[in-house]
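Please keep the sequence and the 3D view at hand as you read.

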Amino acid sequence: MADSNKTVVFQAGNEEYAFPILYVISIEKMEGMTAIPHMPDYVTGLTKVRGDLIPVIDLEKVLYNRDIQVEDKTRLIVIETSEISVGALVRDAKEILEIPAENIKQPGLVAYQKTRFITGVANFDKRMIMLIDPETLIQSLEGIKEIKEYMKNQKQELHN
């Protein structure tokens, strides 16, 4: 494994988080979204990115249980896990940052069920960045199986 980790740093709430860059397909401005009834409250709808329909997840809702306020800086980080591609709605996508392995500490909260997707904390002089594993994050979301099914059905309908 490499000595450092390339990540995409973003803001949710007042905190900084990062996804490993390997999962990030693109960072988009939030444009045009279709709401879907009866979805979990963290799903704000569907959007089209590069010709693909993807569900949009409000990370403020997932992390802090409050709706994101969409502003000029709001971004959609398109992440691809082994099972599904999703757009993560974040307050601001800040930078691509290489985090040296020695700056990463294991948080004491790793064992806590609700935040097991936080795999480490990158510690710098003036900032702390929580590292999120997208696979674990997506799997931890309630109702994600239904969303996967819905997306599969949507794809099939498009191709019929």
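Let us begin with Arg-127, which is partly exposed because its relative accessible area is 26%; buried means under 20% relative accessible area, exposed over 50%, and partly exposed in between (1.4 Å probe, protein chains only). This is a predicted model, in which local features need pLDDT of at least 70 and side-chain atom pairs count only at pLDDT 80 or more, while totals for chains, interfaces and linings use all residues. Residues are numbered from 1 along each chain as its sequence is written, and side-chain values use heavy atoms, with hydrogens and water left out.

Which residue does Arg-127 meet in a salt bridge? Its partner is Glu-16, at 3.0 Å from N to O. A salt bridge here is a side-chain nitrogen of Lys or Arg within 4 Å of a carboxyl oxygen of Asp or Glu. Glu-16 lies in strand S2 (residues 15–20) and Arg-127 in the loop between strand S10 (118–123) and strand S11 (128–132), so the pair ties together parts that are 111 residues apart in sequence. Helices (H or I, at least four residues) and strands (E, at least two) are DSSP runs, numbered from the N terminus. Glu-16 itself counts as buried, because its relative accessibility is 13%. Both residues belong to a network of salt bridges that also links Lys-94 and Glu-95.

The structure holds 11 salt bridges. Another of them joins Lys-152 to Glu-149, with the closest N and O atoms 3.6 Å apart. These two residues both lie in helix H3, 3 residues apart, about one turn of the helix.

The largest nonpolar core has 31 residues, and Phe-10, Phe-19, Ile-77, Ile-132 and Ile-147 touch the most other members. Such a core is a set of buried Ala, Val, Leu, Ile, Met, Phe, Trp, Tyr and Cys residues joined through side-chain atoms within 4.5 Å. Apart from it lies another core, of 8 residues, with Val-49, Val-56, Val-78 and Leu-89 among them.

Thr-7, in strand S1 (residues 4–12), is also buried, because its relative accessibility is 4%. Leaving aside neighbours within four places in sequence, Thr-7 has contacts (heavy atoms within 4.5 Å) that include Phe-19, Glu-95 and Leu-131.

Leu-141 sits in the loop between helix H2 (134–140) and H3, and counts as buried because its relative accessibility is 8%. Beyond its neighbours within four places in sequence, Leu-141 is in contact with Tyr-42, Ile-57 and Val-62.
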